[in-house]
Amino acid sequence: LRALPLAPLTASLALIAGCGSSRSGAPHPTQQPQPTSTETAGSYAAYLRRKGYTSDSTIKILLPVSGTAFVVHSTCTGSADGHCQAVDVFLVRHNQHVWHREYTGVLSIARTSSGFSVRAVSYAPQDPLCCPSLPAVTDTYTWTGSSFTESGPLPHAPGA
C-alpha cells in the first residue's frame, strides 16, 4: 500500500465557500452530467470544477472486475481555509463518476487490494474548526463490482 500524503492546510480566513452538495458526509451517486467518452483522466478535473471542486491529487487503483479507476482528492473551489474537501472515484472503462464523499480534513488516500482508504482528522463536539482533538481515523472502501462498501470509523465533523 502506498499512501499519498496531502499538503497540510492552514486556516487563514474563517469563511468556507459552499460546495453545492449536502454536508451529510454520506456517499451519494452523482445526478449531474457524466464526463463524455472523449474525456481523459485529466479532464476529471474539469468535471470536478463544474461541480464546484478543485482537484489537487489523484491515485490510480485497480478494482476487481471493473478495472482501473482514479481516486481524486479535491477542495471546494474558493474555500478560504481548505477544510471543505471531497474524495471522488471515476471508473476509466466506463468513463463514469461512481462515488463521492465530503470530508473536513483528509490526511491521505491510499490503494488497497480491492479499493482505497481515506485517513482523515476527526473532531470532538466542542472542537473548533482549527483544532481537531480526536485521533485521525482510516476508513476503507471495498469495490463490490458496482459500488463501494465501507468499513472503519467515519471521521466526526466539526460541531457534530
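Is Phe90 buried or exposed? Phe90 is buried, with a relative accessible area of 0%. (Buried means under 20% relative accessible area and exposed over 50%, with a 1.4 Å probe and protein chains only.) This is a predicted model, where local features need pLDDT of at least 70, side-chain atom pairs count only at pLDDT 80 or more, and totals for chains, interfaces and linings use all residues. Residues are numbered from 1 along each chain as its sequence is written, and side-chain values use heavy atoms, without hydrogens and water.

**Helix 1**
- Helix 1 spans residues 44-51, and its buried residues are Tyr44, Ala45, Tyr47 and Leu48.
- They cover an arc of only 155° around the axis, so they sit on the same side of helix 1. (The arc is that of the directions from the helix axis to the C-beta atoms.)
- Exposed Arg49 and Arg50 lie on the face turned away from that buried side.
- Just after helix 1, Gly52 has a positive phi of about 100°.
- Helices (H or I, at least four residues) and strands (E, at least two) are DSSP runs, numbered from the N terminus.

**Aromatic pairs**
- The whole structure holds 9 aromatic pairs. (Rings of Phe, Tyr and Trp, the last by its six-membered ring, pair if their centres lie within 6.5 Å; planes under 30 degrees apart count as stacked, over 60 as edge-to-face and the rest as tilted.)
- Tyr44 and Phe90 are stacked, because their ring centres are 4.2 Å apart and their planes at 15°.
- Tyr44 lies in helix 1 and Phe90 in strand 4, so this pair ties together parts 46 residues apart in sequence.
- Trp99 and Phe116 are edge-to-face, because their centres are 5.3 Å apart and their planes at 75°.
- Trp99 and Phe116 are both buried.
- One aromatic cluster is formed by Trp99, Phe116, Tyr141, Trp143 and Phe148.
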